[in-house]
Amino acid sequence: MSLLDTRVPAVVLRIDRNPFHHGTLGAVRTLGRAGVEVHVVADCTGSPVSRSRFVRRLHTPPPPDASEEQILAVLRRVARDVGRPAVLVPMDDATAIAAARLREELAPSYLLPAMPAALAERVADKGELAAVCASVGVPHPRTLVPDTPARAAEDALRLGLPLVAKWSRPWLLPAGSGLRSTQVLHSARQARELHARTAEAGSPLLLQAFLPPGPDRDWFFHGYADRTGTVRAGGPGRKHQSWPRGAGLTAVGRWTPNSEVFALAERLTGELGYRGVLDLDFRRCGSTGRYHLLDFNPRPGAQFRLFTDSAGLDVVRALHADLTDRVLPDGDPACGRSFVVENYAPLAALRPAPGGRELAWWAADDRAPGWAMWGLWARHVSGRLRRRLGTAAPVPAQRPVPRADTPSLTDNEKASS
């Protein structure tokens with residue numbers, strides 16, 4: 001019996017407009033390589049994802065600020081096109097939250113893990129996460145939620161500077177606002193001015209005690225909680241390099257054994273009744289040695305392919321296998337394996353990797369996305385430099401080139417994909 005039931009297609013869903021979202025490509029490749037028919041519902045304008053030979057068809061996504069009703073309408077249209085039940089793989093917080101809340105409406109067209117409808121939203125909300133951690137006994141940085149700009153300035157001094165500012169629901173941040181989901185503040189004035197933009201951000205501002213970065217302090221955990229609640233696939237990883245430096249996404253990570261991080265992940269899923277894919281971010285406190293949970297993402301993390309075990313299982317394949325009643329094999333962890341995002345850490349991509357390595361973009365069996373990424377990245381970097389110098393208008397993204405083996409898009413799909 002094959003690892004996955006190839007009679008059941010998959011629909012990879014994302015409304016975030018980031019063309020450099022390598023996690024989407026990872027989901028397409030891991031399912032496509034296993035023989036699963038993969039449909040992508042995302043804006044792939046100029047994105048390397050559109051070049052992958054494992055994409056069966058691109059579908060027009062909902063808008064970035066889509067309501068649940070709009071997401072439901074799009075998924076129903078896609079279901080009619082696909083023609084049979086499919087495993088749904090949300091790749092950003094907004095779609096993961098919507099899918100969990102719409103699970104009954106989406107059945108039987110889509111297969112999704114069974115868990116409390118509001119749980120995905122609860123753990124993704126940065127404000128709610130502090131309460132969640134307190135309820136299950138998982139360390140979390142001290143967090144305050146000021147109700148006025150003046151109170152924000154007072155709380156900043158109370159917590160001590162520098163501190164971390166987060167918007168409770170970052171998926172609601174409007175495009176082009178310049179607001180960042182997370183940033184480090186160095187003055188009470190910055191806290192006051194940022195809080196004044198709360199209405200624009202669409203969710204409350206949180207102020208959080210700053211845990212200084214350092215060697216061996218930034219960790220992540222990817223896993224899949226199956227129908228029984230057992231955490232399968234995935235594992236703990238250590239962040240060696242990030243983009244931007246000292247914060248942000250993992251540019252270089254390594255699968256590294258850590259029983260304490262694993263135990264914290266199991267405690268969270270067990271106490272909450274969580275089911276499905278999860279991506280956790282931890283930072284170890286330099287003075288106490290305790291691991292503090294910083295983020296709980298109810299969907300695959302962009303570097304999930306790092307955690308591919310000896311049986312070929314990763315969290316996305318585990319999702320598909322579990323929802324189609326396949327037995328999840330017990331593979332051995334590939335500890336020491338690394339993951340590198342080439343455009344953020346090009347030198348690391350060239351160094352020897354004795355423990356094995358997964359590249360975000362380049363793959364010998366799917367070369368077109370890797371080549372397309374470098375072309376798009378060069379346009380992106382040069383465009384940013386020229387805009388900073390004020391010498392040119394933004395460079396438009398390159399449109400994807402249709403492949404002969406991919407069904408043609410409709411006019412509407414061409415307009416927004």
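A crossing of two helices is left-handed if the near helix is turned anticlockwise from the far one by less than a right angle, and right-handed if clockwise. The legends below describe a predicted model, in which local features need pLDDT of at least 70 and side-chain atom pairs count only at pLDDT 80 or more, while totals for chains, interfaces and linings use all residues. Residues are numbered from 1 along each chain as its sequence is written, and side-chain values use heavy atoms, with hydrogens and water left out.

**View 1. Helix α1 crosses helix α11 (residues 315-323).** Helices (H or I, at least four residues) and strands (E, at least two) are DSSP runs, numbered from the N terminus. The axes of α1 and α11 come within 9 Å and cross at roughly 55°; axes are lines fitted to C-alpha atoms, for helices over the stretch in contact, and angles run from 0 to 180 degrees between N-to-C directions. The pair is therefore oblique, a term for angles that are not under 35 degrees (roughly parallel), over 145 (roughly antiparallel) or 65 to 115 (roughly perpendicular). The crossing of α1 with α11 is right-handed. T30, L31 and R33 of α1 meet V316, R317 and H320 of α11, where contact means heavy atoms within 4.5 Å.

**View 2. Helix α7 (residues 149-159) crosses helix α8 (residues 188-195).** Their axes come within 7 Å and cross at roughly 145°, and the crossing is right-handed. From α7, the residues P149, A152, A153, A156 and L157 meet A188, A191, R192 and H195 from α8. This contact divides into seven nonpolar residues, one polar and one charged. Ala, Val, Leu, Ile, Met, Phe, Trp, Tyr, Cys and Pro count as nonpolar, Asp, Glu, Lys and Arg as charged, and the others, Gly among them, as polar.

**View 3. The largest cavity holds about 210 Å³ of space.** On a 1 Å grid over the protein atoms alone, a cavity is a set of points where a 1.4 Å probe fits but cannot get out, and lining residues have an atom within 4 Å of a point. Grid points are joined across faces, edges and corners, and a volume is the space filled by probe spheres set on the points. Of the 19 lining residues, P90, L112, P113, M115 and P298 are the closest to the centre of the largest cavity. Its lining comprises 15 nonpolar residues, one polar and three charged.

**View 4. The second largest cavity holds about 70 Å³ of space.** Its lining includes H22, R29, F339 and E358. Helix α1 gives the most to this lining, with four residues.

Note on methods:
1 Å grid on protein atoms, 1.4 Å probe; cavity = no way out; pocket = protein on both sides within 12 Å on 5 of 7 lines; lining within 4 Å.
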